[in-house]
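Here's a quick briefing to read alongside the model. Have the sequence and the 3D view open as you go.

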Amino acid sequence: MSRIVVVTSGKGGVGKTTTSAAFATGLAQKGFKTAVIDFDVGLRNLDLIMGCERRVVYDLINVISGEANIHQALIKDKRVENLFILPASQTRDKDALTQEGVEAVINSLKEDGFDFIVCDSPAGIERGAALAMYFADDAIIVTNPEVSSVRDSDRILGLLQSRTRKAERGEQVREHLLITRYSPNRVASGDMLAMEDILEILAVPLIGVIPESGSVLQASNSGVPVIMDKNSTAGQAYDDFVKRFLGETVPHRFLEVEKKGFFKRLFGG
Amino acid sequence: MGLFDYFRSQKPKSAQVAKERLQILIAHERSAGREKGLDFLPQLRSDILEVIRRYVQVDDDQVNVQVEKGADYDVLELNITLPERTSAH
Ligand SMILES: Nc1ncnc2c1ncn2[C@@H]1O[C@H](COP(=O)(O)OP(=O)(O)OP(=O)(O)O)[C@@H](O)[C@H]1O
Ligand SMILES: [Mg+2]
């Protein structure tokens, strides 16, 4: 049985593609046959973050419109066994995405024995985002500690609970909150919403907190998913998140300020 | 609390303000979202008007559809004022 997981957020630029790449890579590293699909038709980027942009021949829309079959379009990752990328189209518009088309693609991946199908949603709540979540069993809701991102996440939760196949069948998409770009320093100084505050507002089970980290930019520069950087805090936090998703109990890390500042040491706190 | 924190705590921190604003906003938007389930009301009203007119001539404003929100369930209230009885009938 394949498990379909959408990585979604509503708000743009919060880390969906970074997360999709890390998540799919982590699942494959742990031995699961994994496909990651870019639903951001017109603005494909997952190929760049995965470092396979020069190997794109066919894309999701080609498969949906019958111009290529799924095996021609899937790109096999060169570093990690069991990992496949299905890029989005850069030239076509999102109207080419149809529910039947997406269902056919997902069904053929299921037949191919994929354990996980990760859907990297575009921002917004339009067709691309709606279709990325429609067939999901699980949803990773990517949220930044920032007002507009939290509000948009709540909108997305409403859609997950009403506009998905599971919801239409009276079942529930499993929701997992992933907070990214977290700065313990700024939380400590009162300038950033704390993890606990976001949890209290959204009331969704927490699956991970990814710290703000320069290594994410470095990873995207070189086209290597950040989870492969075992020395970076973000890479380690993504690895913990994958383990939790697979059912392991792993304590949360990188939530506290690393070193006490001069003033705090002097005046307590 | 350290001396430094004492001075800083005079003014609410921006994260605290953010949290409070979000709590109010999201509670509001969630209840609005639930009411969305009732966006069929205008259509229901015009359908009812159509059915009634098969039997009796009523004016547009004689049909009133309202939803009363309760704690556990909502009540759909339907009020139709029939035309005045004239001796001609
Ligand atoms: N933990 C992090 N630390 C630092 N930078 C990050 C982190 N996560 C993401 N970023 C940066 O945030 C930016 C947006 O990330 P990404 O493209 O993954 O977001 P997205 O949600 O997919 O955006 P879009 O909505 O446009 O698809 C990128 O520049 C990325 O490097
Ligand atoms: Mg993206």
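Which backbone lies 3.2 Å from an oxygen atom of ligand 1? That would be A:Val14, through a backbone N or O atom. Bear in mind that this is a predicted model, where local features need pLDDT of at least 70 and side-chain atom pairs count only at pLDDT 80 or more, while totals for chains, interfaces and linings use all residues. As for bookkeeping, residues are numbered from 1 along each chain as its sequence is written, chains are lettered from A and ligands numbered from 1 in the order in which they are written, and side-chain values use heavy atoms, with hydrogens and water left out.

- The shell holds 15 residues, and A:Gly13, A:Lys16, A:Thr17, A:Thr18 and A:Ser213 come nearest (a residue is near if one of its heavy atoms lies within 4 Å of the molecule).
- Helix α1 (16-29) and strand β8 (206-211) of chain A each supply at least two shell residues; helices (H or I, at least four residues) and strands (E, at least two) are DSSP runs, numbered from the N terminus.
- The most comes from α1(A), with 3 residues.
- On its own, ligand 1 has 640 Å² of accessible area, and the protein covers 77% of that (Shrake-Rupley method, 1.4 Å probe; for residues, only the protein chains shown count as cover).

**A:Ile37**

- Look for A:Ile37 in strand β2 (residues 34-38) of chain A.
- A:Ile37 counts as buried because its relative accessible area is 1% (buried is under 20%, exposed over 50%, partly exposed in between, with a 1.4 Å probe and protein chains only).
- Leaving out residues up to four places away in sequence, its contacts include A:Leu46, A:Leu60, A:Val105 and A:Asp120 (contact means heavy atoms within 4.5 Å).
- A:Ala21 is 16 residues away from A:Ile37 in sequence, with 9.8 Å between their C-alpha atoms.

**Two buried serines**

- A:Ser2 sits in the segment before β1 (3-8) of chain A, and is buried at 8% relative accessible area.
- The side chain of A:Ser2 reaches the backbone oxygen of A:Phe114 at 2.8 Å.
- Beyond four places in sequence, A:Ser2 touches A:Lys110, A:Phe114, A:Asp115, A:Ile117 and A:Asp137.
- A:Ser215 belongs to helix α11 (residues 214-222) of chain A, and its 8% relative accessibility is why it counts as buried.
- Setting aside neighbours within four places, A:Ser215 contacts A:Val226, A:Asp229, A:Ser232 and A:Ala234.

**Chain B**

- Chain B has 3 helices and 2 strands, running α-α-α-β-β along the sequence.
- Of its 89 residues, 16% are buried.
- Take the contacts in chain B between residues at least 6 apart in sequence: 29% join residues at least 24 apart.
- Chain B has an accessible surface of about 7,400 Å², with 53% belonging to carbon and sulfur atoms.

Key
Polar contact = N/O pair within 3.5 Å; in protein donor to acceptor, adjacent residues only side chain to side chain.
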